[in-house]
Amino acid sequence: MVPDKLTLRARLRAERDRFAAETGGAVVAPEAFVDRLKAGQVVASYSPVGSEADPAILAAAAREAGCRLALPHVVDRASPIRFLLWNAHEPLEEGPFGLRQPAMGEEVAPDVILAPLIGFDARLNRLGQGAAHYDRAFARYPEAWRVGVAWAVQQVPAVPTDIWDEPLHAVITEEGMMCHAEA
């Protein structure tokens, strides 16, 4: 039986916290990820909150490939997420929900979206925080390559899904990358 989203979030947050505290692991930048990057693309990354897997290695690979980086900018729970161009030397401000985000910048449409998550399954369904910010972004940018960034311990047999949930094209962990054949 698949647990409800609330129960699963609580369990996976605790597992993610424990894993991050015990290992201090780092996500890898798999060759298959790097090969997808093209100069001029916009890669939307994020600044991790708490024990979220840090996408810094992936963002560095994107910069090295000539991509432009963007970070999410969130106003509140109801407003859609926006992606603002960002340079690594620019400071970040405190946003809602403990987020670190650019104060200002050009809003861009991402070609690649690196998304934090709480859980995922082998079908690459993603369990997020519950505000649907990334689900709405995936719907707004349907051509973007959707890549979850997580720890391997966050994989579960099945993630409960709703009609609006968009599956990922790939998930990158400290162990490598899982992706759909067509991704």
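User: Two strands pair if DSSP finds at least two bridges between them. Which residue stands opposite Val147 in β10?

Analyst: In this predicted model, Ala170 of β10 stands opposite Val147. The strands concerned are β9, residues 145-149, and β10, residues 170-173, which pair in the parallel sense over 3 bridges. Strands (E, at least two residues) and helices (H or I, at least four) are DSSP runs numbered from the N terminus.

User: What limits apply to the model, and how are residues numbered?

Analyst: Residues are numbered from 1 along each chain as its sequence is written, and side-chain values use heavy atoms, with hydrogens and water left out. Local features need pLDDT of at least 70 and side-chain atom pairs count only at pLDDT 80 or more, whereas totals for chains, interfaces and linings use all residues.

User: What is the strand order in the sheet?

Analyst: The order is β3-β2-β1-β6-β9-β10-β11, an open sheet of 7 strands with mixed pairing. Because β3 (82-85) and β11 (176-179) each have a single partner strand, they stand at the edges, and one side of each is left without a neighbour in the sheet. On average, neighbouring strands of this sheet are turned by 25 degrees against each other, direction ignored.

User: Which helices lie across these strands?

Analyst: Helix α3 (residues 56-64) lies across β1 (42-44), β2 (68-73), β6 (112-116), β9 and β10, and runs at about 140 degrees to β2. Helix α4 lies across β2, β3, β6 and β9, running at about 165 degrees to β6. Axes are lines fitted to C-alpha atoms, for helices over the stretch in contact, with angles from 0 to 180 degrees between N-to-C directions.

User: Staying with α4, is Asp135 buried or exposed?

Analyst: Asp135, in helix α4 (residues 133-140), is buried (under 20% relative accessible area; exposed is over 50%, partly exposed in between; 1.4 Å probe, protein chains only). Apart from neighbours within four places in sequence, Asp135 is in contact (heavy atoms within 4.5 Å) with Trp164, Asp165 and Glu166.

User: Asp165, then: which residue meets its side chain in a salt bridge?

Analyst: Lys5 does, at 2.9 Å, N to O. This pair links distant parts of the chain, since Lys5 is in helix α1 (residues 5-23) and Asp165 is in the loop between β9 and β10, 160 residues apart. Lys5 is buried at 18% relative accessible area, and Asp165 is buried at 14%. A network of salt bridges links Lys5, Asp162 and Asp165.

User: How many salt bridges are found in the whole structure?

Analyst: The search finds 6 salt bridges (a Lys or Arg side-chain nitrogen within 4 Å of an Asp or Glu carboxyl oxygen). Among them is Glu107 with Arg140, whose closest N and O atoms are 3.2 Å apart. Glu107 lies in the loop between β5 (100-101) and β6, and Arg140 in helix α4, 33 residues apart. Both are partly exposed, Glu107 at 33% and Arg140 at 45%.

User: What about Arg11 and Glu15?

Analyst: Their side chains meet in a salt bridge at 3.1 Å, N to O. Arg11 and Glu15 are 4 residues apart in helix α1, so about one helical turn separates them.

User: Lastly, what is the phi of Leu124?

Analyst: Leu124 has a positive phi of about 65 degrees, although it is not a glycine. Leu124 sits in the loop between β7 (119-120) and β8 (126-127) and is buried, with a relative accessible area of 1%.

Notes
Lys, Arg positive; Asp, Glu negative; His and termini not counted.
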